[in-house]
Amino acid sequence: MDLDYRTAFDLAPIGMILSRHRLVVDCNQRVLEMFRAQADQLIGQSFEAMYPSADEYERTGARIVASLDATGFYADDRVMKRIDGELFWCHVSGRALDANDPHAAGIWTFEDLSARRVLKVDFTPREREIAALLIDGATSKQIGKRLAISPRTVDVYRARLMRKVGASTTPELVHRLLGG
């Protein structure tokens, strides 16, 4: 077998997407498997199809623009949606080709975390965002700043999450969110 860049892209062990203006320009086999999609269901389509809601798609896009570091890199864990509607935890990392225009073009990787982190409870979009940031170890103040809400509002959501999963402390909540 000849090893070229196209073969390496297609057969990479991690999902990869090339994007322009938040549209999928190309994706590899692993992305298609992960999202249970055919190529025509993703290529040429908006990333919105892979988000649990339009609101989460918009908020994540704004967060990416606000959070890109000077080199144009971004990474987080978030809940994504397969084409069949199933929600799952996914690690997403990527790079804008132009840090001054982050959505113009990018290279994104996707890692399905569902084997390690099972989504057991039906969370609201905001609860999913806050859960992901709690798992990353962010404080209420950091989460509030990142999501443009007050730290007190974050605490209210954290309390709701704790009730939903039956946790009495934040470390226990994180442990349960991680599938423990």
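This is a predicted model: local features need pLDDT of at least 70, side-chain atom pairs count only at pLDDT 80 or more; totals for chains, interfaces and linings use all residues.
Student: What joins β1 to β5?
Tutor: There are 5 bridges between β1 (residues 15–20) and β5 (residues 106–112), and the two strands run antiparallel.

Student: How many bridges join β1 to β2?
Tutor: That pair has 4 bridges and is also antiparallel. I17 stands opposite C27 in β2.

Student: What about the hairpin of β1 and β2, how many residues between the strands?
Tutor: The hairpin has 2 residues between its strands, and H21 there takes a positive phi near 50 degrees.

Student: Switching to helix α5. Is it mostly covered or mostly open?
Tutor: Mostly covered: of the 11 residues in α5 (125–135), 10 are buried. Among them are R126, E127, R128 and E129, along with I130 and L133.

Student: What covers them?
Tutor: The cover includes the helices α4 (54–67), α6 (140–147), α7 (151–165) and α8 (170–177). It also includes the strands β3 (73–81) and β4 (87–96).

Student: How do α5 and α7 pack?
Tutor: Their axes are 10 Å apart and cross at an angle of about 90 degrees. The two helices are therefore roughly perpendicular.

Student: Which residues meet there?
Tutor: From α5 they are R126, E127, I130, A131 and L134, and from α7 they are V154, Y157, R158, R160, L161 and K164. By type, the contact has 6 nonpolar residues, 5 charged and no polar ones.

Student: What follows α5?
Tutor: G137 does, and its phi is positive, near 90 degrees.

Student: What does E129 touch?
Tutor: Leaving out residues up to four places away in sequence, E129 touches R59, R63 and L147.

Student: Now R82. Where does it lie?
Tutor: R82 sits in the loop between β3 and β4. R82 is buried too, at a relative accessible area of 3%.

Student: What does its side chain make a polar contact with?
Tutor: The R82 side chain makes that contact with the side chain of D112, at 3.2 Å. Beyond its neighbours within four places in sequence, R82 has contacts with M34, F35, R36, F88, D112 and S114.

Student: Last one, G61. Where is it, and is it buried or exposed?
Tutor: G61 belongs to helix α4. G61 is buried, with a relative accessible area of 4%.

Student: What is G61 in contact with, leaving aside neighbours within four places in sequence?
Tutor: R22 and H103.

Student: And how far apart are G61 and E33?
Tutor: C-alpha to C-alpha, G61 and E33 are 24 Å apart in space, and in sequence they are 28 residues apart.

Technical notes
Residues are numbered from 1 along each chain as its sequence is written. Side-chain values use heavy atoms; hydrogens and water are left out. Buried means under 20% relative accessible area, exposed over 50%, partly exposed in between (1.4 Å probe, protein chains only). Contact means heavy atoms within 4.5 Å. Axes are lines fitted to C-alpha atoms, for helices over the stretch in contact, and angles run from 0 to 180 degrees between N-to-C directions. Angles under 35 degrees count as roughly parallel, over 145 as roughly antiparallel, 65 to 115 as roughly perpendicular and the rest as oblique. Ala, Val, Leu, Ile, Met, Phe, Trp, Tyr, Cys and Pro count as nonpolar, Asp, Glu, Lys and Arg as charged, and the others, Gly among them, as polar. A polar contact is a pair of N or O atoms within 3.5 Å; within protein, one must be able to donate a hydrogen and the other to accept it, and residues adjacent in sequence count only if both atoms are side-chain atoms. Two strands pair if DSSP finds at least two bridges between them.
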